Amino acid sequence: MKIKAALPKGMRDFLPKDVVRRQYITQIIREVFELYAYQAIETPVMENLNTLTGKYGEEGDKLLFKVLNSGDYLSKTDDQILQAKDSRKLTAQISEKGLRYDLTVPLARYVVQNQNDLSFPFKRYHIAPVWRADRPQKGRYREFYQCDADVIGSESLYNEVELMQIYAKVFAKLNLEVKIKYNNRKILLGLMQSIGLEGKETEGIAILDKLDKIGLDKVIEEYKALELNDANLSLLRKLLETNDVSLLPTSDMLELGKKELAFLDKFKPENAFFDLSLARGLDYYTGCIFEVASTEYEIGSIGGGGRYDNLTEMFGKSDLTGVGISFGLERIYDVMEALNRFPENLNASSKLLLVHFSEANQNYAFQALNSLRDAGIHAEMYPDLVKFPKQLKYANDKNIPYVAIVGDKEMEQGLFALKNMETGEQQELGLDRLISFLKSH
RNA sequence: GUGGUUGUAGCUCAGCUGGUUAGAGUAGUGGUUUGUGGUUCCAUUGGUCGGGGGUUCGAAUCCCCUCAUCCACCCCA
């Protein structure tokens, strides 16, 4: 029976030429992370479901990929729940693992679990895929890579500044123009509280976040629906129009937020800007928050992050604050692709193909391969005995720049006919000269 | 979860208002006197026209359902 070759929704294959380009991006990110003294870690793709749930808000919980228990999982379920077809309760009984939704929550778990072996402040980076059961669309996939750098156990705001510098440096190296936006959850929370939205802070912050999309008037309308008085409504309007922190009311929370903001204002990179309407949906942020968007191509945010004070507390260790940023690889890729910013010379192929006409030729060529590879030249021999044009076509399709022809003539003279696949030029060289030629071209 | 779009050969698509054995390009394979590709020419493989049901003498084409896809909303990288 023939089954249809297909992938699950929102997941993709990558061709060799795609992988080279993805690695070009991650390599730059990795280098900058290491320059700033972050160390790589790895964690499993699966976490216990109770590690993941409740960290990303209600929406986030819905978007978790859950993994079915092994074995005869149905035999252990409650009959009543099974009969009632209650998916949520049943899920809890048949699934105890899930795919990670981001790299931050697993980090919190990791830090608590491995605290004895880590030195704090712990600066780590992690480049790996995450999964969200979202509906795919442009720039949104169900499997995508995040590239994270976080500092755990340091409340210094220099960390925030460094992280913004990392954003600036990486995107500069990628030749992309971006705008780094920052804000502070304390400002947002304090503001909501001071305008009479105690208990409804999250709701109020979510409205702010829509400013870009629906405009100021509609934002104010939505606040009106929350029964704000006129004084507070006009205050909000003014704040959003001017983005001016000095207009903020006074409260303990707000003063704290303003102080933190002032620090960032002082040390921030040139392309970073305070934005009062920046909110970010992830539930765990408590201090500074960041988001990066391309100024050249519309695709949503290509990076985000912030400070989280209570994430390790959920795993039983308090007083361990963290701050981090994330790069979204596929969106950065899409921007690079759309703007044609990948270097021309990225090539996944070898430099040389050895072609031949007989088994004797192959024997001879295969031995030469060893010397070529010992010299560090990426080389391959066409493995099968096929017609000559077909071997050339292979080199051509794979974008291999040079072909060395090994026929009886060449064997007798101990030479290789080196052909430049672009110009068609051919020259006869001994093995030593072949190697030195390829090394210098 | 809501709204829209599109589903025809491995890939990109054409098939007009329903009418004979469903086409093209490209890729694949075989040849073009067997040591020169990208750039000759010829031949050839490959499709239950997303799936199911209905209307009709007759459906890729019309209607209904369903699945998938892409896009937008929600939210996010």
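A residue counts as buried under 20% relative accessible area, exposed over 50% and partly exposed in between, using a 1.4 Å probe and protein chains only. Asn-243 has a relative accessible area of 27%, so this residue is partly exposed.

Welcome to this predicted model, in which local features need pLDDT of at least 70, side-chain atom pairs count only at pLDDT 80 or more, and totals for chains, interfaces and linings use all residues. Residues are numbered from 1 along each chain as its sequence is written.

Helices (H or I, at least four residues) and strands (E, at least two) are DSSP runs, numbered from the N terminus.

| Residue | Backbone feature | Loop |
|---|---|---|
| Asn-175 | positive phi of about 65 degrees | between helix 7 and strand 7 (178-184) |
| Asn-243 | positive phi of about 60 degrees | between helix 12 (230-242) and helix 13 |

Now look inside. A nonpolar core is a set of buried Ala, Val, Leu, Ile, Met, Phe, Trp, Tyr and Cys residues joined through side-chain atoms within 4.5 Å. The largest one has 90 residues, and Ile-166, Phe-171, Tyr-223 and Phe-327 touch the most other members. Helix 7 (residues 158-173) gives the most to this core, with eight residues. Leaving aside neighbours within four places in sequence, Ile-166 is in contact (heavy atoms within 4.5 Å) with residues including Val-32, Tyr-38 and Phe-327. A second, separate core of 19 residues includes Ala-365, Leu-372, Ala-404 and Phe-416.

Notes
Chains lettered and ligands numbered in written order. Heavy atoms only, no water.
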